[in-house]
Amino acid sequence: TSDMPLSPHLAINRVLEAVSTGLLAKDGPGLKDPCEREDIDTTANLDAQQREDLQSSAQEFLRKVHFRKIYEVLDLPKPEYKPRPNFKNKNKDKKEEEEGGSEAAATSEEPAVKKVKTEKA
């Protein structure tokens, strides 16, 4: 339950957290069918190994989601992330260009001469 609507990311996290804590274990509370009037466990036909496999998979998937590898959980190709622009450095670079622009204009008036050392024989 939640006080407010959950985003898809948080909803997946909450389900994986619940399953990974042992909700489906033989001695756990189980998963009740909300459509039935009686308390019917929907996982009653699973044996102990299948329950443990589900719990282990949920733990693994939860780790992957937390470490931003949800594409592996959903069996999708790895997305290509574009680097975010760094606005702090952008403003700093602009200031340096403005300051350096006046210096560059002053130095561009003088010809650049490269001295070459020659040997006399």
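**Notes on the predicted model**

1. The count of aromatic pairs comes to zero here, with a pair meaning Phe, Tyr or Trp rings (for Trp, the six-membered ring) whose centres lie within 6.5 Å. Bear in mind that this is a predicted model, where local features need pLDDT of at least 70, side-chain atom pairs count only at pLDDT 80 or more, and totals for chains, interfaces and linings use all residues. Residues are numbered from 1 along each chain as its sequence is written, and side-chain values use heavy atoms, with hydrogens and water left out.

2. Tyr81 does have a charge over its face: Arg68 sits there, 5.4 Å from the ring centre. The rule asks for NZ of Lys or CZ of Arg within 6 Å of the ring centre and within 35 degrees of the ring normal. Arg68 also follows α2 and has a positive phi, near 60 degrees.

3. On to the largest nonpolar core: its six residues are Leu16, Val19, Leu24, Ala58, Leu62 and Val65. Such a core joins buried Ala, Val, Leu, Ile, Met, Phe, Trp, Tyr and Cys residues through side-chain atoms within 4.5 Å; buried means under 20% relative accessible area (1.4 Å probe, protein chains only). Two or more residues each come from α1 (8-20) and α2 (48-66), and α2 gives the largest share, three.

4. Which residues of α2 are buried? They are Arg51, Ala58, Leu62 and Val65. These lie on the same side of α2, because they cover an arc of only 65 degrees around the axis (taken from the directions from the helix axis to the C-beta atoms). They pack against α1 and α3 (70-73).

How values were computed: Rings of Phe, Tyr and Trp (its six-membered ring) pair if their centres lie within 6.5 Å; planes under 30 degrees apart count as stacked, over 60 as edge-to-face and the rest as tilted. Buried means under 20% relative accessible area, exposed over 50%, partly exposed in between (1.4 Å probe, protein chains only). Helices (H or I, at least four residues) and strands (E, at least two) are DSSP runs, numbered from the N terminus. Contact means heavy atoms within 4.5 Å.
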